[in-house]
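Reader: I have a structure open and some questions about it. Can we go through them?

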Amino acid sequence: MVKFFACILFFGCISNAFAQLSFSNATVRLLPPGQKQTAAYVTISNSANQDITLAFANSSISQSVEFHQTMMHGEMMHMMQVEQLTIPANGKLELKPGGYHLMLINLSDTWFSQNTVQLEFFDVKNNSYKVTANLSKMAGGKHNHHHHH
Ligand SMILES: [Cu+2]
């Protein structure tokens with residue numbers, strides 16, 4: 001009983017109790033000051049027996065967050081906005097350079113001086129998932145070089 005009451009005091013607690021998505025390696029790409037948008041990456045695992053579809057996300061450092069997919073047209077790399085991200089039942093979706101990613105649009109003036117970024121995702125049933133991402137200058141840059149060893 002005590003636990004139940006303590007729980008409802010915290011926003012997001014109830015949906016987290018049923019959370020079947022787990023998020024790992026959440027990273028926001030650190031860019032030099034002056035940029036208005038940047039990309040973020042995260043690996044999302046689904047432990048449920050059904051697909052889970054994310055419909056919306058927001059971040060603590062930007063006005064909005066879009067879901068994007070990187071496509072190659074011959075040598076040209078180009079990004080396309082997608083409405084939703086579906087994480088397959090008992091599977092995972094890896095958001096990574098060159099594939100699906102998040103685009104953080106209209107960054108705050110001080111975004112690059114934060115240590116961490118709070119991301120929040122909402123699925124189509126309006127469950128919310130809170131994720132802490134690290135800000136990191138990622139190796140590789142925009143051209144997505146692959147290093148072969
Ligand atoms: Cu993008």
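Reader: Where is Asn90 placed?
Author: Asn90 is in the loop between β6 (85–87) and β7 (92–94). Strands here are DSSP runs of E, at least two residues, numbered from the N terminus. This is a predicted model, where local features need pLDDT of at least 70, side-chain atom pairs count only at pLDDT 80 or more, and totals for chains, interfaces and linings use all residues. Residues are numbered from 1 along each chain as its sequence is written.

Reader: What is the phi of Asn90?
Author: Positive, about 50 degrees, although Asn90 is not a glycine.

Reader: Why does Asn90 count as partly exposed?
Author: Because Asn90 has 13 C-beta neighbours inside 10 Å. With C-beta atoms placed from the backbone, 20 or more others within 10 Å means buried, 12 or fewer exposed, and in between partly exposed.

Reader: And Asn106, which strand is that in?
Author: Asn106 is in β8. Its phi is also positive, near 60 degrees. Asn106 counts as exposed because it has 11 C-beta neighbours inside 10 Å.

Reader: What does β8 pair with?
Author: β8 (residues 100–107) pairs with β4 (residues 62–73), antiparallel, over seven bridges. Pairing takes at least two DSSP bridges between two strands. Gln69, for one, has Tyr100 in β8 as its bridge partner.

Reader: How many bridges join β4 to β5?
Author: Seven, and the two run antiparallel. His73 has Met76 in β5 as its bridge partner. The β4 and β5 hairpin has two residues between the strands, and Gly74 there has a positive phi near 60 degrees.

Reader: New topic: what is the mean pLDDT?
Author: It is 86, and 80% of residues reach 70 or more. pLDDT is the predictor's confidence in each residue, from 0 to 100.

Conventions
Helices (H or I, at least four residues) and strands (E, at least two) are DSSP runs, numbered from the N terminus.
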